[in-house]
Amino acid sequence: MRTTLTLDEDVAAKLKAESRRAGRPFREILNDTLRRGLATRRPSGQRQAFRVKARDLGDLKPGLSLDNIAELVERVEGSAHR
């Protein structure tokens, strides 16, 4: 099938360089590159749901709270943690 497409300059340059390096026609390099790229794409319906497994981290020492993480880190590690 003959079609016309516009390639970005950097993409065209890379394809031309690969064509010269491989000693194969530009058309073959372009088609092979597109085939490989399309073959690696996953169908959008087959994504697995992201799940978070909650873990009990135990009790904090008295006076510490998870409500302000920056303050918690500073109190536990000191001001040099930055």
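Is glutamate 18 buried, partly exposed or exposed? Glutamate 18 is partly exposed, with a relative accessible area of 28%; here buried means under 20% relative accessible area, exposed over 50% and partly exposed in between, using a 1.4 Å probe and protein chains only. The model is a predicted one, in which local features need pLDDT of at least 70 and side-chain atom pairs count only at pLDDT 80 or more, while totals for chains, interfaces and linings use all residues. Residues are numbered from 1 along each chain as its sequence is written, and side-chain values use heavy atoms, with hydrogens and water left out.

Side chains of opposite charge can pair when their charged atoms come close. Four salt bridges are found in the structure, a salt bridge being a side-chain nitrogen of Lys or Arg within 4 Å of a carboxyl oxygen of Asp or Glu. Glutamate 18 takes part in one of them with arginine 21, their closest N and O atoms lying 2.6 Å apart.

With arginine 24, the closest N and O atoms are 2.2 Å apart, and arginine 24 is partly exposed at 30% relative accessibility. With arginine 35, the closest N and O atoms are 3.3 Å apart, and arginine 35 is exposed at 55% relative accessibility. Through shared partners, salt bridges join Arg24, Glu28, Asp32 and Arg35 into one network.
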